[in-house]
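Trainee: I have the sequence and the coordinates open. Can we go through the fold step by step?

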Amino acid sequence: MNHKLCETIKNLRTSRNISQELFANALDISAQAVSKWENKKALPDISLLPKIADFFGVTIDTLFKGFIQEDDILSDNISTSLEQNKKSWDKIASKDWLGTSLPAWGVLMANEEKLNLLYDLTGKKVLEIACGDGKSLIYCGKNQAKELFGIDISEKQLAKARQNLLTENIDAKLFLSPMEVNPGIPEHYFDLVYSVYGIGWTQDLDKTISLIGKYLKTNGTFIFSWDNPILPCIENINEEYVLKHSYLDELLVQVRMREEMVVRTNWKLSTYINTLAKNGFKVEYLIENSAKPENAVYSKKYYSEHKAQYINHSFVLKARKL
């Protein structure tokens, strides 16, 4: 009996926090059959090997030789930042924090009803990165998406998401994990991956974009929104907006959210675009529109209607996997 195959299947499943039941359902077999494999009492039928390999996003050869999860190897610095952010977002979730969610894409900009970036969600398999309290997933569900998946680093945010989804009678598969690793999300599976003000929290942009490319089908769509990266460089001085540091530096910064500190890197817009190109994406749209309300009064707030007359607060980028 090939014990290496049995060990690899078990390691792949447990390392990604996938239950035997979920794995078995994906293969249309019983959980008891999976248990027998992992206890080395039986082997999978050879006809199942392609399905098993595809489920975990590995080759059949890897199943027999064992695996090294290079995508899951994070530096100590990144792991430390992720742990800090996880604790902070759990605390923020308990403070009734209201983030940006669909149909809004960003702050003081046109929403989905006007931009129509999602186009027609009917029958689509959809994954949200940094899904938070699930309100954007609910929007997609009400617009006839076929399957909904979400991933978030905060256990308390996901608890709110589950409750919100239950209230709306909408089903979604939710994963508790940083976006920099794959906790068991199927690969080459989704028509759409999106993130509303979430991608900018990643501690490793290349790993995250690379994984999103793996999740998507060929010609699948990736849409995300985030702060204009010039915005954190601006300081309010004597009712004027002044650059306080260089936009070019891409600094790692501490951000205060509801009195909790979270860590992020202020990447340039070109870094997002070049990282997408490196990972096999073609950029289709870059949207930087801004509301320009009349008679807006000067404010020292980070987001303000007055400031929005001079600089867009958010951007949305739509790309396609080649």
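Trainee: In which sense do strand E1 and strand E2 pair, parallel or antiparallel?

Mentor: Keep in mind that this is a predicted model. E1 covers residues 125–129 and E2 covers residues 147–152. Five bridges hold the two strands together, and Leu 127 has Phe 149 in E2 as its bridge partner. The sense of the pairing is parallel.

Trainee: What is the order of the strands in the open sheet?

Mentor: The sheet has seven strands, and its pairing is mixed. Direction ignored, neighbouring strands are turned by 15° against each other on average. The order is E3-E2-E1-E4-E5-E11-E10.

Trainee: Which residue of E4 stands opposite Leu 127?

Mentor: E1 and E4 run parallel and are joined by three bridges. E4 is mostly covered, with six of its seven residues buried. The residue opposite Leu 127 is Val 193.

Trainee: What is the handedness of the crossover from E4 to E5?

Mentor: E4 and E5 run parallel, joined by six bridges. One of the bridge pairs is Ser 195 with Phe 224 in E5. Between the two strands the chain passes through H10, which makes a β-α-β crossover, and its hand is right-handed.

Trainee: At about what angle does helix H10 run to E5?

Mentor: H10 spans residues 205–215. The helix lies across E1, E4 (190–196), E5 (216–227), E10 and E11 (314–321). Its angle to E5 is about 140°.

Trainee: And at about what angle does helix H9 run to E3?

Mentor: H9 is made of residues 155–167 and lies across E2 and E3. The angle to E3 is about 170°.

Trainee: What kind of pair do the rings of Trp 201 and Trp 226 form?

Mentor: The structure holds 18 aromatic pairs. For Trp 201 and Trp 226, the ring centres are 5.5 Å apart and the planes stand at 85°. An angle over 60 degrees counts as edge-to-face, so this pair is edge-to-face.

Trainee: How many residues apart in sequence are the parts that this pair of Trp 201 and Trp 226 ties together?

Mentor: Trp 201 is in the loop between E4 and H10, while Trp 226 is in strand E5. The pair therefore ties together parts whose separation in sequence is 25 residues.

Trainee: Is Trp 226 buried or exposed?

Mentor: Buried means under 20% relative accessible area. Trp 201, at 13%, counts as buried. Trp 226 has a value of 3%, so Trp 226 is buried.

Trainee: Which residue lies over the face of Trp 201?

Mentor: The distance to look for is 6.0 Å from the ring centre. The residue at that distance over the face is Arg 264.

Trainee: What kind of pair do Tyr 302 and Tyr 303 form?

Mentor: Tyr 302 is partly exposed at 32% relative accessible area, and Tyr 303 is partly exposed at 30%. Their ring centres are 4.7 Å apart with the planes at 75°, so the pair is edge-to-face.

Trainee: How far apart are the C-alpha atoms of Asn 116 and Glu 239?

Mentor: Asn 116 is in the loop between helix H7 (112–115) and E1, and with 42% relative accessible area Asn 116 is partly exposed. Along the chain, Asn 116 and Glu 239 are 123 residues apart. The separation of their C-alpha atoms is 36 Å.

Methods
Residues are numbered from 1 along each chain as its sequence is written. This is a predicted model: local features need pLDDT of at least 70, side-chain atom pairs count only at pLDDT 80 or more; totals for chains, interfaces and linings use all residues. Side-chain values use heavy atoms; hydrogens and water are left out. Two strands pair if DSSP finds at least two bridges between them. Helices (H or I, at least four residues) and strands (E, at least two) are DSSP runs, numbered from the N terminus. Axes are lines fitted to C-alpha atoms, for helices over the stretch in contact, and angles run from 0 to 180 degrees between N-to-C directions. Contact means heavy atoms within 4.5 Å. Buried means under 20% relative accessible area, exposed over 50%, partly exposed in between (1.4 Å probe, protein chains only). A crossover is right-handed if, with the strands pointing away from the viewer, the path from the first strand over the helix to the second runs clockwise. Rings of Phe, Tyr and Trp (its six-membered ring) pair if their centres lie within 6.5 Å; planes under 30 degrees apart count as stacked, over 60 as edge-to-face and the rest as tilted. A charge sits over a ring if NZ of Lys or CZ of Arg is within 6 Å of the ring centre and within 35 degrees of the ring normal.
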